Amino acid sequence: MDGSVTVITNPTVSVRVTSTVSSFEVNRRFNRGITIAEFKSKLELIVGTPAACMDLDLFSTSDKFLQKLDNNEALLGSYHVDDDCRIHVTDLSGAKSGEFTDLSKVEKFEISDDAYEKRADSIRSFKKNMKLGRFNEENRAKQEEALAKKEEEEKAAAEAIAVGNRCKVEVPGQPTKIGTVMFVGTADFKPGHWIGVKYDEPLGKHDGSVNGKRYFQCEPKYGAFVKPLSVTVGDFPEEDYGLDEM
């Protein structure tokens with residue numbers, strides 16, 4: 001052996017990037033072999049500041065200022081840039097902090113509904129031509145017919161249920177629950193017919209009131225509203241959980 005020492009340096013470095021035009025800090029990995037001019041071009045895509053309007057300051061991993069990166073022809077690797085160092089971009093173009101992130105400062109294009117209706121290159125026009133969504137009258141009529149049929153079925157089911165009935169509630173994706181019917185009719189929270197149930201166990205969502213309006217009385221977490229088609233009335237005795245046994 002000749003006693004020489006070989007130093008192996010990682011060809012890339014991961015740094016934290018901050019700027020005067022944004023409050024965000026991003027982490028990016030760069031090749032040490034690029035020039036500072038090339039490095040600025042890459043930073044332009046990250047912070048939005050033109051490469052020609054940048055001042056770069058290098059900070060240590062503990063955010064202590066080390067030096068300026070002011071030689072555009074020098075290689076990034078010629079500076080003491082280590083992993084997790086911070087490089088701060090100062091924008092000399094006059095841009096202010098938040099200018100590229102505050103959407104309230106962005107001028108918005110607005111158009112009246114009448115003018116939009118007349119445009120032939122809009123999404124609305126495309127949907128009309130392709131008969132999509134609400135512009136498909138045949139499909140819309142079928143949906144309205146199906147909805148009306150279901151509402152009639154819900155109403156008929158509700159008329160067969162009375163307050164005080166014992167019932168079984170079966171909602172898809174949920175366990176079967178047993179309880180007592182406490183309310184039958186329409187409600188303010190959603191359209192349609194609803195059945196208010198007091199469960200035998202605390203498997204409900206409320207105490208019989210919704211949005212400040214009381215429909216029936218029960219203990220918290222014992223009450224729920226379900227659609228009539230999910231309710232089956234019958235002889236469903238309350239289970240004895242052995243609470244009176246020693």
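Is Asp57 buried or exposed? In this predicted model, Asp57 has a relative accessibility of 10% and therefore counts as buried, since the limit for that class is under 20% relative accessible area.

Asp57 also takes part in a salt bridge. Its partner is Lys68, and the closest N and O atoms of the two are 2.8 Å apart. Asp57 belongs to strand β3 (residues 54–59) and Lys68 to strand β4 (residues 65–68), so this pair ties together parts that are 11 residues apart in sequence. Lys68, at 40% relative accessibility, counts as partly exposed. Side chains of opposite charge can pair when their charged atoms come close.

A further group of charged residues involves Glu117. The side chain of Glu117 meets that of Lys128 in a salt bridge, with a distance of 2.0 Å from N to O. This pair links distant parts of the chain, as Lys128 lies in helix α3 (residues 123–130) and Glu117 in helix α2 (residues 113–118), 11 residues apart. Glu117 also forms a salt bridge with Arg124, at 2.7 Å from N to O.

The accessibility of these residues can be described in turn. Glu117 is partly exposed, at 36% relative accessibility, and Lys128 is partly exposed, with a relative accessible area of 33%. Arg124, at 18% relative accessibility, counts as buried.

Elsewhere, salt bridges join several residues into a network, which links Arg16, Glu25, Asp63, Asp84 and Arg86. For the model as a whole, the count comes to 12 salt bridges.

Definitions and conventions: Residues are numbered from 1 along each chain as its sequence is written. This is a predicted model: local features need pLDDT of at least 70, side-chain atom pairs count only at pLDDT 80 or more; totals for chains, interfaces and linings use all residues. Side-chain values use heavy atoms; hydrogens and water are left out. A salt bridge is a side-chain nitrogen of Lys or Arg within 4 Å of a carboxyl oxygen of Asp or Glu. Helices (H or I, at least four residues) and strands (E, at least two) are DSSP runs, numbered from the N terminus. Buried means under 20% relative accessible area, exposed over 50%, partly exposed in between (1.4 Å probe, protein chains only).
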